[in-house]
Amino acid sequence: MKPYAQYKRFPRSRAGNVVYFSFLFLMGLFSMLPLVYCICTAFKPLDELLIFPPRFFVSRPTLANFTVLPTLLEKMRIPFSRYMFNSIFISIVSTFLNIFVSSMAAFTLSKSKLKFRNAFFWIVQFSLLYNATTLGVPQYLIFSKLGIIDTYWVYILPAIPSSMGAFLIKQYVDSGVPDTIMEAARIDGCSEFGIFFRIVVPLSKAGVATIGLFTALGIWNDFYLPMMLITKPNLYNLQYYLQIIFLNIEALSKNNILSASQADALKIPSETTRFAMCVLTMGPILFVYPFFQKYFVKGMVVGSVKG
């Protein structure tokens, strides 16, 4: 086999680099258009939103869409902070448990001497073919038998097992955690839990951060579970609460969040106010993502390319 230095390399020309990176830059701008449009519309006055032909950017920015939100939210029987707390609490707890279980599963499937571990890993990969939405009916039946409907557990339990998390972190452990380091730790008397927490997790932090970001984003944006399994308004997460507002303000009255007189006095939020709400809900994710960006990119590259 020829050494690496003997292989002929074919670097791109300067013109090729210009075309390549220009294409990536344009695709990046195109993918940002929905986000930019949402932010621009959040600052538009209503008359500018309804103008024809429509304008992408805002010409007369206003904060009225944000200042009207306290007036809208103060009429609710259940404060807005309750829904925000639900989303933050559920996201933190579910993400932590998901990372812990996925990392331990990946460590077991990658480095342990467990019998039939390859068969178990094939089962994990096979489960990736199924969408979580298809489990709605079995989840409801199981949670109903367990008596945890209308509790935080209906948010947390489905997020703990993750086939994608175990799969991605396993790829990283396979290529990023040398067996020699683990053998040296065993010789020094380190237990398997010690190897996991002191060696595997620190060396796999890029993959762990990637799964953590995916999990937190999915849980933060989820409104399917509360729609199926939650009937108590004080247990709604922020996304489902906003979904109710977006669809019909009368739904708030039906769920006893608003009195009849308040529901009549309160109008359905305008389109610009809805975009303002979207910007506020995107805030935590936009704030957290830059801190995990380098781990996210590295984790995706290592997790998708072995060797």
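Guide: Please note that this is a predicted model. Helix α4 (residues 80-111) and helix α8 (residues 163-176) have axes that come within 8 Å and cross at roughly 50°.

Visitor: What is the handedness of the crossing of α4 and α8, and which residues of α8 meet α4?

Guide: The crossing in which α4 passes α8 is right-handed. On the α4 side the contacts involve Ser102, Ser103, Ala105, Ala106, Leu109, Ser110 and Lys111. Their partners in α8 are Gly165, Ala166, Ile169, Lys170, Val173 and Asp174.

Visitor: Which orientation do α8 and α11 have to each other?

Guide: The axes of α8 and helix α11 (residues 205-220) come within 9 Å. They cross at roughly 160°, and an angle over 145 degrees counts as roughly antiparallel. The crossing is right-handed. The two helices, α8 and α11, are therefore roughly antiparallel.

Visitor: Which residues of α11 meet α8?

Guide: From α8, the residues in contact are Met164, Gly165, Leu168, Ile169 and Tyr172. Gly165 and Ile169 are also among the α8 residues that meet α4. In α11 the partners are Ala206, Gly207, Val208, Thr210 and Ile211.

Visitor: Turning to the backbone, what is the phi of phenylalanine 116, and is the residue buried or exposed?

Guide: Most residues other than glycine have a negative phi. Phenylalanine 116, in the loop between α4 and α5 (117-127), has a positive phi near 60°. Its relative accessible area is 64%, and the cut-off for exposed is over 50%, so phenylalanine 116 is exposed.

Visitor: Where does aspartate 150 lie, and is it buried or exposed?

Guide: Aspartate 150 also has a positive phi, about 65°, although it is not a glycine. Its place is the loop between α6 (136-146) and α7 (153-156). With a relative accessible area of 15%, against a cut-off of under 20%, aspartate 150 is therefore buried.

Visitor: Which residues does aspartate 150 touch beyond those up to four places away in sequence?

Guide: One point of approach is threonine 231, 81 residues from aspartate 150 along the chain. The C-alpha atoms of these two residues are separated by 6.3 Å. The residues that aspartate 150 touches are Leu229, Ile230, Thr231, Lys232 and Leu235.

Visitor: How many disulfides does the model contain?

Guide: A disulfide is a covalent bond between the sulfur atoms of two cysteines. The rule requires a pair of cysteine sulfur atoms within 2.5 Å, and by this rule the count is 0. For cysteine 40, the nearest cysteine sulfur belongs to cysteine 38 and is 9.4 Å away. Cysteine 40 is buried, with a relative accessible area of 11%, whereas cysteine 190 is partly exposed at 22%.

Visitor: Finally, how many helices and strands does the protein have, and what percentage of its residues is buried?

Guide: The protein has 16 helices and 0 strands. Its accessible surface comes to about 19,000 Å², with 69% belonging to carbon and sulfur atoms. Of contacts between residues at least 6 apart in sequence, 70% join residues at least 24 apart. Of the 307 residues, the buried share is 35%.

Conventions:
Residues numbered from 1 in each chain as written. Predicted model: local features only at pLDDT ≥ 70, side-chain atom pairs only at ≥ 80, totals over all residues. Heavy atoms only, no water. Helix = DSSP H or I, 4+ residues; strand = E, 2+ residues; numbered from the N terminus. Buried < 20%, exposed > 50% of the residue type's maximum accessible area, 1.4 Å probe, protein only. Contact = heavy atoms within 4.5 Å. Areas by Shrake-Rupley, 256 points an atom, 1.4 Å probe, with all protein chains shown as cover. Axes fitted to C-alpha atoms, helices over the stretch in contact; angles between N-to-C directions. Left-handed = near helix turned anticlockwise from the far one by under 90°. Parallel < 35°, antiparallel > 145°, perpendicular 65-115°, else oblique.
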